[in-house]
Amino acid sequence: MSDAKIIDGKAFAAKLRGDIAAEVTKLKDAHGVTPGLAVILVGEDPASQVYVRNKGKQTIECGMNSYEHKLSADTSQEELLALIAKLNADPKVHGILCQLPVPKHIDDQAILAAIDPAKDVDGFHVVNAGALATGGEGFAPCTPYGCLMLLKDTLGDLSGLRAVVVGRSNIVGKPMAQLLLKESCTVTIAHSRTRDLPEEVRRADIVVAAVGRPNMIKGDWIAPGATVIDVGINRVEGAEGKMKLVGDVEFETASKVAGAITPVPGGVGPMTIACLLNNTLISACRANGLAVPNLGFDS
């Protein structure tokens, strides 16, 4: 069998951001509305600083307003909740996210619960999780939302396909399963306690790996021709002691068997911020009673 088709998330995300920018221009010209995204960073976590910087840059490139709130690590939970309340009430802000992790003295669940569900563009609020589970109108978390876009772009109609999601986190695993169910897939959620995990994965037409363990899923776990979406981003030591990024799937062996596969880096990663901006655009349209564009699925 020839090597798998490589699913280029970087290119897809770039096109999606271009489509978002075009819709933002239309919103401004026709309605005088500029979508606004507020990002809160508490403390000095280096990885979080990079994420926040990238989010701000891409927000501005799409023509949106970017509101960055950088708070010191000793900021109290009360101060953070007061800022969220202020952003909830600000009509210029359509999306709010608090970059995780927060310092240990702050309850991250209390922070997520304080964000107005209508502005929860990360899709982590329990109201949005409930909407996703019951077919209501809400926001899906950005990473699984991006995975679904890549799957539909690769496969078209997903109806009736057997999907295995490896990982059960609230951020990726569970919402990914809900999104696939909505597309009429037959969905299994597998995890560290699953008996004979390789056999479960072998039964799948679609494999979504989101466990956070480098190279865990081997090529001989993959059914020939299956589509593999690798959400993992793990730093491991490569040649000459240099650190490199790898996924949860052993790419070298899996790409010989799969029909299509996302690389790491350059697969799912770039989709996350693009979907965050898409959710912010959707929020701005809903807040102003305007039609919501269906980007990423029909473009």
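Reader: How do strands of a sheet pair, and in which order do the three strands of the open sheet stand here?

Author: In general, strands of a sheet pair through backbone hydrogen bonds, and the pairing is either parallel or antiparallel. In this predicted model, three strands form an open sheet in the order 3-2-4, with parallel pairing. Strand 3 (65-71) and strand 4 (95-98) stand at the edges, and because each has a single partner strand, one side of each is left without a neighbour in the sheet. From one strand to the next, the twist averages 15 degrees.

Reader: How many bridges join strand 2 to strand 4, and which residue of strand 4 is the bridge partner of Leu 37?

Author: Strand 2 and strand 4, which run parallel, are joined by four bridges, and Leu 37 has Gly 95 in strand 4 as its bridge partner.

Reader: Which strands does helix 3 lie across, and which does helix 10 lie across?

Author: Helix 3 (residues 77-88) lies across strand 2, strand 3 and strand 4, and runs at about 180 degrees to strand 2, while helix 10 lies across strand 2 and strand 4, running at about 130 degrees to strand 2.

Reader: How many residues does the largest nonpolar core have, and which have the most contacts inside it?

Author: The largest nonpolar core has 52 residues, and Ile 20, Leu 180 and Ile 229 are those with the most contacts inside it. Helix 10 (269-287) is one of the elements that each supply at least two residues of this core, and its share, 10 residues, is the largest. A second, separate core of 21 residues includes Val 166, Ala 190, Leu 197 and Ala 223.

Conventions
Residues are numbered from 1 along each chain as its sequence is written. This is a predicted model: local features need pLDDT of at least 70, side-chain atom pairs count only at pLDDT 80 or more; totals for chains, interfaces and linings use all residues. Side-chain values use heavy atoms; hydrogens and water are left out. A nonpolar core is a set of buried Ala, Val, Leu, Ile, Met, Phe, Trp, Tyr and Cys residues joined through side-chain atoms within 4.5 Å. Buried means under 20% relative accessible area, exposed over 50%, partly exposed in between (1.4 Å probe, protein chains only). Two strands pair if DSSP finds at least two bridges between them. Axes are lines fitted to C-alpha atoms, for helices over the stretch in contact, and angles run from 0 to 180 degrees between N-to-C directions. Contact means heavy atoms within 4.5 Å.
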